[in-house]
Amino acid sequence: MKLSVNELAKLLDGEIEGDGALEVYNINRIENAQNGELAFIFDSKFDKFIYNTKATTLIVSKDVVLSEPVETTLIRVENPYFSFLKLLNVIDSEKRKNRKNGISELAYISKEAKIGKGVSIGHYSIVNDNATVGDETIIREQVYIGENVHIGKNCLIYPQVVILDDCRVGDNCIIHSGTVIGSDGFGFLPMNDNTYQKIPQIGNVVIENNVEIGANVTIDRSTVGSTLIKQGTKLDNLIHIAHNVEVGKNNAMAAQCGIAGSTKIGDHNMFGGQVGIAGHINIKNNNQVAAQSGVASSVGDNELLMGSPAMDAKLFKRNFIAFKELAEIRNKVYNLDNLITKNYKNDKTKNPKK
Amino acid sequence: MKLSVNELAKLLDGEIEGDGALEVYNINRIENAQNGELAFIFDSKFDKFIYNTKATTLIVSKDVVLSEPVETTLIRVENPYFSFLKLLNVIDSEKRKNRKNGISELAYISKEAKIGKGVSIGHYSIVNDNATVGDETIIREQVYIGENVHIGKNCLIYPQVVILDDCRVGDNCIIHSGTVIGSDGFGFLPMNDNTYQKIPQIGNVVIENNVEIGANVTIDRSTVGSTLIKQGTKLDNLIHIAHNVEVGKNNAMAAQCGIAGSTKIGDHNMFGGQVGIAGHINIKNNNQVAAQSGVASSVGDNELLMGSPAMDAKLFKRNFIAFKELAEIRNKVYNLDNLITKNYKNDKTKNPKK
Amino acid sequence: MKLSVNELAKLLDGEIEGDGALEVYNINRIENAQNGELAFIFDSKFDKFIYNTKATTLIVSKDVVLSEPVETTLIRVENPYFSFLKLLNVIDSEKRKNRKNGISELAYISKEAKIGKGVSIGHYSIVNDNATVGDETIIREQVYIGENVHIGKNCLIYPQVVILDDCRVGDNCIIHSGTVIGSDGFGFLPMNDNTYQKIPQIGNVVIENNVEIGANVTIDRSTVGSTLIKQGTKLDNLIHIAHNVEVGKNNAMAAQCGIAGSTKIGDHNMFGGQVGIAGHINIKNNNQVAAQSGVASSVGDNELLMGSPAMDAKLFKRNFIAFKELAEIRNKVYNLDNLITKNYKNDKTKNPKK
């Protein structure tokens, strides 16, 4: 990026205090920003940085009252956080536009693939027979798109993603590097001689519109039918979604979660990092599951869960506080027990008729 | 796939009730099956679907007694689940046959590699110097096969697998996309200045016959000698196997498990998802470890383990039930303690000679 | 490798007892070593192997006293473990030298990339516009190096690593296969209609000198500024580092750890496998966190932590011992409670005025 303070102020509908001709090349966090960079102050607790930042320009709230003279150039805006998001989006869409390089001569595109308008496909990528790629989608470098795969419009598929045969991706999806869509579900028949016979997995994965999937995620194809990720759901990195799972709309799942086979998850749930969810259960809507929890049985709506196995988060916290003194509690119990047993015996001795 | 009901019935040795000329294009789960699809009923609790399914044909047990007229075409078989597995295997072997495309001109095969008969190698794959690929093995697209790697017969290596120098894979193995075999073990010597000196890892990974490895798994090469996965073992996705580990025969390990360095695992154990196993321990045979457990010390045979650190599963469950009321237990203990201490004091007051 | 016993003894400054003309082709662990292999004995408890090993030569301490005649050839050295490390390093540097194949004609190198002296780049690798690769760095096969990426001198980047735009890697770094550097941080703005709006992530990842990163790791780029891994830190496989995280110097982190967003970690900490660390906290220096722990709040210096949520390791262990008898403790408490309540009532009955 390269923007003058004047251009920035215009873009963010802000008012300049200082030199509008200065140029900035990068956004940084207020505590790290250097000459040539701009930074935002969202929160008055960072106002102190105004007076000694090395940033070329700061975007601050119009309500900030200055207590000392300021050397850096300020741009005052209505809501700095919204301005921040606006600027990020401007830069991001510029970057995406620059990625529209058309179709590399070093890619392999099957003659039987259907490629939409404005599609970009990077070097050493493969789009196999009967695959469909929607308009304006960007398939980056070294990507594998299998046979009969459908990818919608306006998607962004990062380098070294693998989407295997028959899987479907909706519109406006983003899939990050190293992610594998459509690996075989983990299905084996135990035999009498202790070996396992593979149960072939001939279903697929269906990813609806507006889904974002992080890096090095794995989503297994179903045995038959589809493993399903519904619209608007966001998955972080290194997540495992097993075969036959259904994840509803607008879920947010943090890194390293794992969902075992055939589980159904409703809409608008949030999962912390490293959460494990058992197979063949139902989790309805609007639940929140704390990091590292293990959900072992079905869950209704609007629950807050914690622990492994997971329970109501408040209950977990109360019990966990007690766990922190458990050794002490134990000692108290054994002391009491000794004392009572002794006294009780003493009592018996004293009152043998009791 | 494309099969007529007549062909299906012949394949599955079943009897048709309805129109044998109809064609089906896909298998689906009974609750989702549509026109042009077939579905199976394994269990009488799904019998109700017989009367209102949109599936073109249903494969049902010969023992199903119909209570109403049926519109869909039925195929009655001895054991629908075995018929299901049979059909999956037919479709799967058809798919595999279609993948036998020979050796891509866009692959890089070292002149010093030995490639067996009937081998397929996909676009942008690399088979490096002195590597050996057994007969009928399929190496899919964008795979990396390092120097001196041996791959047996009839293997299926999915796109973007990495098998690094000197590693060995047996016959009939399946390795899914994104998996890395032979990355360096995590070995460092702590130095006095708090830095770490790398301990080079010059061993390899040996994978025996009939092993299946999921997507985005990592198996590190040993320092010297071999990290070993014995025959028939099945690993799910995102598993980590550290250096010098030995995993015995016919183990099944669910996704996101991690085995720390130099641990030995015997035969026919089952590990739930996200299990962690400490380094330098022995786990013998026929054990089952529940999801998210942490096995911190050696384990004998035939155990059921749960918890982190793991203990006998029954013991864990009993204790965990108590944990759910721990805050309450704690309060009771403190109340009792107050009461007893007070009474005891009262007693002392009453019987000062005690 | 191929070395005569004479060459080995010279290399390790050792004294031969036996036939110096013999040749060895591999190092193995003492318990597995075969003819043509060499093995080391670091510890006197392995001395028994001296008398029946099939190894062609054993490297042993100069202090070993033989109790029986020995058939294998011995090389006596001052410190067998240091000799072992020396030999590993010799073999490793030989291997690395063999990897210096120059720049493959099958790689795509942008004309606007700056490639240092002695650089190797493998088949189907990509080095994009304005990327810089330092002298003597080896970029292996099928690697993706994005625009404006900087990679220092003497690095080793294994097959199928992805380093996305704008990220920086220092000197002497090793990055293993399947690792993704610079995927988007997981940042979304929750909207009133339950959907999430993406917060673009326009920062980068900065990796300092002497860092080693395992296989299938993900390190997300920051929203603005840098996700930072400082010098000398070693990361094992399948680790997730979220956006805006800062990991200090000389940390060692075992496989499958996850660090949530914006957390700062100081220097010289050790993390066991599958540890989770919450977002927006500070962990200072010289701490050790046991495997599977969950660090939920900030941590000072020199702590040993265990549990999820994590607490002082000694406290955890004491409490966990009590947890193992919790069902029993619970029963005791209820029994005591019944007893006391009854007795107390009895007392009341006896002394109604109390």
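These legends accompany several close-up views of a predicted model.

**View 1. Chain A and chain C share an interface.** On one side, 60 residues of chain A are in contact with 76 residues of chain C. The size of an interface is often given as the accessible area lost when the parts come together. For chain A and chain C, the buried area is about 5400 Å², and carbon and sulfur atoms give 60% of that area. Look for Arg29(A), Tyr124(A) and Phe323(A): they supply 11% of the area that chain A buries against chain C, more than any other three residues.

**View 2. A salt bridge joins Glu212(A) to Lys198(C).** Which residue of chain C does the side chain of Glu212(A) meet in a salt bridge? The partner is Lys198(C), with 2.8 Å from N to O. In total, the count between chain A and chain C is 6 salt bridges. The interface of these two chains also holds 36 residue pairs in polar contact.

**View 3. Helices and strands of chain A face chain C.** Several elements give two or more residues to the side of chain A that touches chain C: the helices α2 (80-98), α3 (313-323) and α4 (326-350), along with the strands β27 (234-235) and β30 (252-253). The largest share, 9 residues, comes from α4(A). Sorted by class, this side of chain A has 29 nonpolar, 17 polar and 14 charged residues.

**View 4. Helix α3 of chain B has a cap and several buried residues.** Now follow the helix along residues 313-323: Ala313(B), Phe316(B), Asn319(B), Phe320(B), Ala322(B) and Phe323(B) are buried.

**View 5. Thr263(C) sits in a loop of chain C.** This loop runs between β31 (258-259) and β32 (264-265). Is Thr263(C) buried or exposed? Thr263(C) counts as buried because its relative accessible area is 0%, and the cut-off is under 20%. Among the residues that Thr263(C) touches are Asn244(C), Val245(C), Ile277(C) and His280(C). The side chain of Thr263(C) also reaches the backbone nitrogen of Ile281(C), at 3.1 Å.

**View 6. Chain A is divided into two domains.** Domain 1 covers residues 3-99 and domain 2 covers residues 161-309. Taken over C-alpha atoms, the centres of these domains of chain A are 40 Å apart.

Key:
Residues numbered from 1 in each chain as written. Chains lettered and ligands numbered in written order. Predicted model: local features only at pLDDT ≥ 70, side-chain atom pairs only at ≥ 80, totals over all residues. Heavy atoms only, no water. Contact = heavy atoms within 4.5 Å. Buried area = accessible area lost by both parts, 1.4 Å probe. Salt bridge = Lys/Arg side-chain N within 4 Å of Asp/Glu carboxyl O. Polar contact = N/O pair within 3.5 Å; in protein donor to acceptor, adjacent residues only side chain to side chain. Helix = DSSP H or I, 4+ residues; strand = E, 2+ residues; numbered from the N terminus. Nonpolar A, V, L, I, M, F, W, Y, C, P; charged D, E, K, R; others polar. Buried < 20%, exposed > 50% of the residue type's maximum accessible area, 1.4 Å probe, protein only. Domains from an automatic or database assignment. Lists of a residue's contacts leave out its neighbours within four places in sequence.
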